[in-house]
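This briefing concerns the disulfides and aromatic ring pairs of one protein model. Please examine the sequence and structure below before reading the notes that follow.

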Amino acid sequence: CDQVMVNVSAFVSVPGGATVGWTNSNTAIGLAANGLGNINPFTGTSGGSPTAVVGVVTAIPTLNGCVGPPINFTITISPQPTLTLASPPLTCPGQNVSAPSYTLNPNDPSTTFIWVNNNTAVGLGAGGTGIPPSFTAGANATLANMSAVVTVTPAIGTCVGPPANYTITIYPTPVINPIADVEFCPNVNSPAINFSVLPGGGNPSFTWLNSNPGIGLAANGSGSPLPAFTTINGGSTAQMSTISISASLNGCPALPVPFDITVNPNPVAAFIATDLVCLGSPMSFTDQSTVGTGFIAGWAWNLDGAGASFSSAQNPQLVIQPAGTHSVTLTATTDKGCTNTITQPVYINFIPVAAFTGGGQGCPILTVNNFADGSSVTAPAQVLSWSWNFGNGATSTVQNGGLVTYGNPSPIQNAVY
């Protein structure tokens, strides 16, 4: 083989003792053109020939001046193959890994190859013959590049060339970092939500799908973050959307990751107040607020736009002053923190001023028929009922007293009623 020491057997003559002279037809094999006696070991060379180089050696024995017949033999120097391999490009799990490209010197079609692979996890077998084939890249959940070194040894006949190596590298399958579910109230500017993958670094790309654009977010998009948006829910029950995130790193797809966005409903704030409340008496408020999802968890009652609420009870009472029209505001809050406000007028009635005219004096039996109601109250209230006590045990509920009779059982003093 090329660059290998060649040992030629010593010449033997019959009868023995002959002197042997020899010639070499092709000095490219590394042997001189001629010589006398045994051929000393020499380094064979193919001279860069892509095929075997052959030298024909002719040996002629001479003994006692007598020349014997020549003999011929050949020395063949086969080239030692040199292999150069190019590693295939980095590949994603599940994708095709191409066979390595290579150059061979000399480019002898009879060259054979033996290869071994130090990491079968990449998807290539442990070894074989020929140039390693293409294959499907194995799974890589290590979050780091996975590599294998494949060593290929060429041979032409018995001449084995130096081993050549190439590297197979499989990218990791990226993993999308999970996103926690989020909840919002209607008409809220939701914050942007950032996406990320493992392993870090690189330049991942993202796409996302939204199962319910009715929450105020577009049906799909790309990139990170998920954009901020104004939440929408005009109904009475929660609106939920599933956001499915897809990602790719180094061209390798990640498994999609979902998370939920819930837009809870605002409550419907409502209340009633007791009617016909007079100045100085408490007015009762009864909450009638409702919500379709969750429950009402808080109440804030406000009178006439005051800065502080007068109660946080569900059904409070309040003595309101002065008499007249006031505004009461209820802010109802759900267990999800969503609010709604309602303002209603209430009226505190003025206290009527009782007054009347009439009466008189005279002898028993005295009949009085001039009692006249003079009571008054601030509009829009009206005096609607009367209760007379005439002092003599007689009563009446008419507006004006009517006919009343008085006596005097005492013989010595006046009777005053």
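A residue is called buried when its relative accessible area is under 20%, exposed when that area is over 50%, and partly exposed in between. By this cut-off F390 is buried, because its relative accessibility is 8%. The model is predicted. It contains 3 disulfides, and a search of the whole structure finds 13 aromatic pairs.

**Disulfide pattern**

- When bonded cysteines are counted along the protein chain, the disulfides follow the pattern 1-3, 2-5, 4-6.

**Disulfide C1–C159**

- C1 is joined to C159 by a disulfide with an S to S distance of 1.8 Å.
- The torsion about this S-S bond is about -95°, so the disulfide of C1 and C159 is left-handed.
- The link connects distant parts of the chain, with C1 in the segment before β1 (5-6) and C159 in strand β15 (residues 159-160), 158 residues apart.
- C1 is partly exposed because its relative accessibility is 26%, whereas C159 is buried with a relative accessible area of 3%.

**Disulfide C92–C252**

- C92 and C252 are joined by a disulfide with an S to S distance of 1.9 Å.
- The link of C92 and C252 is left-handed, with -90° about the S-S bond.
- C92 lies in the loop between β8 (82-86) and β9 (96-97), and C252 lies in strand β25 (residues 252-253), so this pair ties together parts that are 160 residues apart in sequence.
- Both C92 and C252 are buried.

**Disulfide C185–C338**

- The sulfur atoms of C185 and C338 lie 2.1 Å apart and form a disulfide.
- The link of C185 and C338 is left-handed, with -95° about the S-S bond.
- C185 is in the loop between β18 (182-184) and β19 (189-190), and C338 is in the loop between β32 (324-334) and β33 (339-349), so the pair ties together parts that are 153 residues apart in sequence.
- C185 is buried with a relative accessible area of 14%, and C338 is buried with a relative accessible area of 1%.

**Accessibility of two further cysteines**

- C278 has a relative accessible area of 32% and is therefore partly exposed.
- C363 counts as exposed because its relative accessibility is 62%.

**Aromatic pair F271–W301**

- Among the 13 aromatic pairs found in the whole structure, F271 and W301 form one that is edge-to-face, at 5.2 Å centre to centre with 75° between the planes.
- This pair links distant parts of the chain, with F271 in strand β27 (residues 271-273) and W301 in strand β30 (residues 296-303), 30 residues apart.
- F271 is buried with a relative accessible area of 3%, and W301 is buried with a relative accessible area of 0%.
- Ring pairs also link F271, F285, W301 and F310 into a cluster.

**Aromatic pair F371–F390**

- The ring centres of F371 and F390 are 5.2 Å apart and their planes stand at 45°, so this pair is tilted.
- The pair links distant parts of the chain, with F371 in strand β35 (residues 366-373) and F390 in the loop between β36 (388-389) and β37 (395-396), 19 residues apart.
- F371 is buried, with a relative accessible area of 10%.

Notes
Residues are numbered from 1 along each chain as its sequence is written. This is a predicted model: local features need pLDDT of at least 70, side-chain atom pairs count only at pLDDT 80 or more; totals for chains, interfaces and linings use all residues. Side-chain values use heavy atoms; hydrogens and water are left out. A disulfide is a pair of cysteine sulfur atoms within 2.5 Å. Helices (H or I, at least four residues) and strands (E, at least two) are DSSP runs, numbered from the N terminus. Buried means under 20% relative accessible area, exposed over 50%, partly exposed in between (1.4 Å probe, protein chains only). Rings of Phe, Tyr and Trp (its six-membered ring) pair if their centres lie within 6.5 Å; planes under 30 degrees apart count as stacked, over 60 as edge-to-face and the rest as tilted.
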